[in-house]
Structures are given as structure tokens and as C-alpha cells.
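I opened this notebook to keep track of what I looked up. The entries follow the order in which I worked.

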Amino acid sequence: MAGTREATAHILPEEISWRISYAEIGTLAQVQRPVVTTWARRHADFPEPVAYEGASPLFDGREVAEWLLSTGRGNADAGQIRAELVLHTLSAWRRAIPARTLVDTVTALLCLRQLLDEPLANLPWQTILERAAETDFDDTFLHKELRDLPDAERQGPLLAVLADHLTEAAYTPADALERVMDARRRLGCNDLAADEPIPLVSRAMARLTGLARLNEREEGATAAVLYPRSGDLLVALRDSVSDAEDSPFFLSADPMPDLARLARRRLMAQGVQEFEMDLADGEELATDDWGNPHVIVCCLPYEAAEARSPLAVLQSLQDLTDLLAEDRTAVVLGPADALVRPLPVRGEADRLRRDFLEQHLLKAAISLPEGVLPFRPAHRTAIWILHRTPEDKRTGQILLADLSSRTLTAQVLDALAEDIDIFRDAGWRSDGRHQPRNAVIVPATTLTGAPGTALTPQHRSHADRYTRTVVERPARIAETELRLQQLIDATRSALDHVPTIRSNAVLRPDDRPVRRTTVARLLKDRRLRRLPGHRIADEHLTTGGAGHYTVLTPAEITGSAPVDSHRIDRAVLLNAYEHAYFTEPGDIVVTATPSFGAYVDDEGLSVVAFPARVLRARSDAEHPVRPRVLAALLRSAATEHRRVSGAVRSARRIEDLLIPDLPGDEVERYDALLADIARRTALLHQHAAALDDLTSLTAAGLVDGTLTLVEPLSSDLRPTPEIS
């Protein structure tokens, strides 16, 4: 560990340190924040704070990273911790070098190391400059960045060492360079990230071009990127081609020379040779030299809504189609209000958008959610896929997908890409053997014949109308109605047996004062046993009924979420939480965070999530505790000691709440009363759940147009749902 400390310390500028809070340590180690405070409290070798921000301690990040590496604690692997350590060291350099200069220099060093295939730390700075001049003879991608570094003789060798450390943490210089680009916002280079889409969308756009499949069929494919910015789309296109030997020829043009140089560095580090690219400094692609590209990818520059004109956006796309030769494809990310949302009927923008359909250029329109451009979180975008189809192969069909209310995940975008691959392979027509999962294919005439209409799916596809969910919906509605009738009969039977609730409550006589106790006393008297909850990672919890075991979190205990909202898979529980225990029937699960809650687990076989914990009644005690009674008394006692605004915790701990220690006969009567209330409450909950199911099932069928309500038969006054 001492060697690591020395290696990182000597590459830091003077008086620069990485200070990290408890929360940031949790993020670094991939654990919850309370785990970090527990480490600091229990382990004497945990690093001491180096400063305070208010009352919050700050630690030396290097010492924390070294402690994690030496002890093996946390869920992050050693490579991730080392990479974070070096990236934070790099971030510390911002106080010595401007952020953009720092990123340019480090990426240039990483690119040079990739091209030289040898470490830079042992080379004198002058030798590094000479190698850079030999490698970049025309000074088009890295020589200038190294030559113009301020105070190069002192800082250059240190940054070369840092570049080697980044490479060791990321395994290759190319991966290290991309990690630096992923961290550009942390390094203060917001201008390099402001108009770049999230990586998931960049990769999806590259795949939607079909470049990988085209490259397998046709040698010498050309891929162009308009508005390349810092090169994310260029790198995504390169990554989409699996075989480095079959790399396409890359074209782009950027009016800012420094961005063009950065894009060249990124591609060179990825293994693209200089003769395999023409990334021009300017606004025009070099199509005169290389011909029109096979695929085009474009993310239109952002404009504020007040200044944005849908007509201008569509005109820029019309200009882009001039680059599309026959049987060539373009994928464009742009503002949703111009590409897919309704437009003023028969206005210029509407006529131009319908013209893309009438000319059979527009093949797919995909609505995306907000947040695709992280610096513009409220800006909603959409993707167009354009293809110039030969006249004899035109089908007049278009694929529409609406992901605007979906969380963008790799699975969602992969399914969309597969749908479009099949649509493309079928000649841009519907393939009866495969129906899109997240889209519909409709005739373009349904859109051109409705001026101003949105380019979004308006209904289910024909095949979707006959999925199992739709076909079984009337039967499920009928089953729900039958269940409601059975619940009504069961309730009537229960009320006939015990028609009213009689608590027989009267004022307590003065000569029979109640004796009081606390949970702490019950634990000491061995009438209760306390068991802690488990710290379960959020990614291990499942929702929607998936998973084998119920997890009781504070949300379920306090009533803010229904029981069974969270579950966990059996394999995950046994492998990741080998010391976990299950609740037993009658266990009382309590929590004081975020508010007090007490829940009696009648069935058991659940897992309790921290900070909730279990109070288990001991059946062998002389005066056994009744779980329902104790839970009700604790809930009532806690109302007098709620957490006030501004306080961290409630006025009293759960163990210190004063509750009555009722005599045996009173406990039995109160427990019977609570059991009767619980039975009635359960029936009411079942009624409410069945009514909710009936409401949602019927509404879902009416909304998607697959159900209709018909007149009831004379023998049945209730309307009957049918598939329309």
C-alpha cells in the first residue's frame, strides 16, 4: 500500500488533494452510506478526516481508496476503485491546468501510448514530443496538444505518469481515453458534453444505421457523421462494427478544429488508421473525394424552444437527404415537436413533413423520453430513419414507435433495433412472421391523409389485438366479477356470525392502575427477542411479483406501499446474503425511519430490510407477548413522540416507548378484538383490490380499443365486455 501511496502522491500538483464525503465513499465502494459510517466507527485503521464541511467530515480520497483496496471491503472491484482513484487525481489537476487543456493533453498522451504501444512514464518529455511529431507528422490530432502544454517541462512528465496509471486501471489506452471522455463533466468540460446524447442512445443510433450488417455484405462502406461534436457518435459507429479489419471509412466535418482533432484522437485510439478517415475542419463533408456515404448519423444542434422552428428543422433534414444516394440510410436525432408531434394543419412544416412520407424517404419515427440530452433534461427528442428506396421496391409502409413514457434501457433499445432490422430485411414492409414488440407498422397513406397528425402509434397493431393478454381480458373481467360476488357472500356470512364489534370498553377504575413497561424491559425479561434487518442492495429487489421471497422494507411497514411490493430471488438471497434469516409467523416488524411503523407478519417466510428490524415473541416466557396487541400499543404510543420538523429521529427510541403491560384476561379480550378487526379489514382490502382490478382491466381494454360494452341480457342486468 505504501508503494501505491507514493505512486499517486508524486503525480499530484502541490496542495491538491481529493476530498471525499461519506456519501461519496459509499458510491466509490458501491455500498449504502450507513455502511461507511459503520466502517469508520468499528475499524481503527479507517482513515481519519482531513477537513470538515460544516459538521460533515471529509476524507483524503487516496487514503480511502487504498484502505478499500487493502481490506477488500465494499462491492466495487479493485479495477473500478483504481480507475476512480486516478480519475479523481486527474480531477485535482483542474486547479493547476484549465479543464479543457487538461482533457486535450491527457487524451493526446493516451492516443500516443496506444500508437506507440509502450509506456510513457520512462520517456523524457522531449522524447515524448519527438515521438508525437513523428507519429502526427501533419499535426492533425495530437502534436499541438502536447507542444502547447503550459509549464510542460514540469507538468508534462507527471501527466505522462498519470496516463500510464489510467491505462493500467482500464487495461488499454483506448479504454482509458473513453473513461476520460465519460468523466468529462466531472473534469469541468461541460462544453464537450452539452449536446451529446446519453451513451445508450448513441449506441442505439449506430446500430439503427445497419452499418454492421452492411459492412458484412459490402466492402468499402462509408459512414458519415454530421455535427460530430466531441466524437461520441463516431466512436459508437466504430464500436458497432465487431471486426476491426472491416472498419468502414469515416467522414465528418466540424467547423471547430479542436473538436475535429479530439474526434481524430478518439478514432485513432480505437484502431482506425489515418487513411481510413476524413474528419474535415469545416462544414462540408468531403463527398467530392469519397462519394456519398452509405450511412449518415446526425444529432441536430439544440435550439431553445422559443427560437426553434419546426420548419427550419425539417428543411435541414431535407438538405441532408441530398447526401442520400439510392439504397442509402440516415439516422437523425432531433426535436420531437418537429419530427413526431402534431403540426399546424396544412402549414408549411406539415406539408414538408408529409413530403418525406410521399417520397417514401421516412421509414421509421421513434419518440424518445426527456433526458436523452442530459444537459437539456426537459428537451424531448425523436429519431427518424431515412432511406432512399428504389422506386420499384417502395412499400409505402412506416414503422412508428413511442418510447416517450418508457425508461430507456439496453433491453428496450435492443428490442427496438431488432424490430427495425427485421423491417429493413423484409424490404421496409411488415413481415407476417414477426410483429414489432415496441412499435407498429402502418401504411404511410394513413398519415399523409391526415394533415398535421402526430407520427406516433394511435392504436395497437392488428396482431397485438389478439395477444393472450387481450383475448383473455373478458374472461379475467368475468373472473373478477365472480370473485367480488364471492367476497360479498363471505362478508355477509362473517357478519351474520359476528354482526357487530363489541369492545366493551369502559373507564378503568382508580383502584386498578395499569402497570407500564417498555420494549427494553420485555427484552431484558426475555419475553421478546430482537433481530436486525438486512442491508439489501436496491438492485437485488424486484417488483411486479417477480422473485421468490417477500422483502419487508420500511415502505411496507409504515403502510406507504402494500406488502409484497418488493421481493427477492432465491438464488440472489442465498448467494449474496448467506446469513439472512426468514421471519416466523407472528413476528413484529418495526421501524422508526422514515416514520414509525409496526407490522405483524402472520405468515412468516419474509426477509426484513434494514433499518426495519424484528421483535419476536418468546413462546416459552411466563407471560407470553401477544404480537397483535404489542404492535397496536406501540403504534399508539409512538404517536406521542413523532419526529418533529428538522429533527433527525423521533424523541424516543422504539425500545423506550411506554406501553401498558396488560393482565392476561385483558390481553386475551384485546387480542380477540384485534383479530376480528383484522379479519374485517382483510375482507375490505380484498373488496378494494377486486374493484381496482375490475376498473383497470375494463379501462385498459377500452383505451386500446379491444373491448366494448354491450347491452346486458334480460336475465343479467350487468353489461358484458366483448372483444371488438
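Is Arg380 buried, partly exposed or exposed? I looked it up and found Arg380 partly exposed, with a relative accessible area of 29%. Buried means under 20% relative accessible area, exposed over 50%, and partly exposed in between, with a 1.4 Å probe and protein chains only.

Ground rules. I note that this is a predicted model, where local features need pLDDT of at least 70 and side-chain atom pairs count only at pLDDT 80 or more, while totals for chains, interfaces and linings use all residues. Residues are numbered from 1 along each chain as its sequence is written, and side-chain values use heavy atoms, with hydrogens and water left out.

Entry on salt bridges. I took a salt bridge to be a side-chain nitrogen of Lys or Arg within 4 Å of a carboxyl oxygen of Asp or Glu. The search of the whole structure gave 41 of them.

I went back to Arg380, which forms a salt bridge with Glu370, the closest N and O atoms being 3.9 Å apart. Glu370 is in strand β9 (residues 362-370) and Arg380 in strand β10 (residues 380-387), 10 residues apart. Helices (H or I, at least four residues) and strands (E, at least two) are DSSP runs, numbered from the N terminus. Glu370 is partly exposed, at 43% relative accessible area.

Next I looked up Glu118 and Arg131, whose side chains meet in a salt bridge at 2.7 Å, N to O. Glu118 sits in the loop between α6 (99-116) and α7 (125-135) and Arg131 in helix α7, so this pair ties together parts 13 residues apart in sequence. The relative accessible area is 27% for Glu118, which is partly exposed, and 26% for Arg131, also partly exposed.

Asp671 belongs to helix α27 and Arg626 to the loop between β20 (613-617) and α26, so the bridge ties together parts 45 residues apart in sequence. Asp671 counts as buried at 12% relative accessibility, whereas Arg626 counts as partly exposed at 30%.

Entry on the largest pocket. I found about 1,100 Å³ of space in the largest pocket. A pocket here is an open set of points on a 1 Å grid over the protein atoms alone, where a 1.4 Å probe fits, with protein on both sides within 12 Å along at least five of seven lines; lining residues have an atom within 4 Å of a point. Its lining has 31 residues, and Val563, Tyr599, Val600, Asp602 and His685 lie nearest the centre. Which element gives the most to this lining? I found that α27 does, with seven residues.

Entry on Gly597. I placed Gly597 in strand β18. At 4% relative accessibility, Gly597 counts as buried. Leaving out residues up to four places away in sequence, Gly597 touches Ile557, Thr558, Val589, Val590 and Thr591, contact meaning heavy atoms within 4.5 Å.

Entry on a sheet. I traced an open sheet of three strands in the order β16-β15-β19, with mixed pairing. Its edge strands are β16 (567-568) and β19 (606-608), each pairing on one side only. Two strands pair if DSSP finds at least two bridges between them. β15 and β19 pair in the parallel sense over three bridges, and Thr550 has Ser606 in β19 as its bridge partner.

Note on methods
Points joined across faces, edges and corners; volume = space filled by probe spheres on them.
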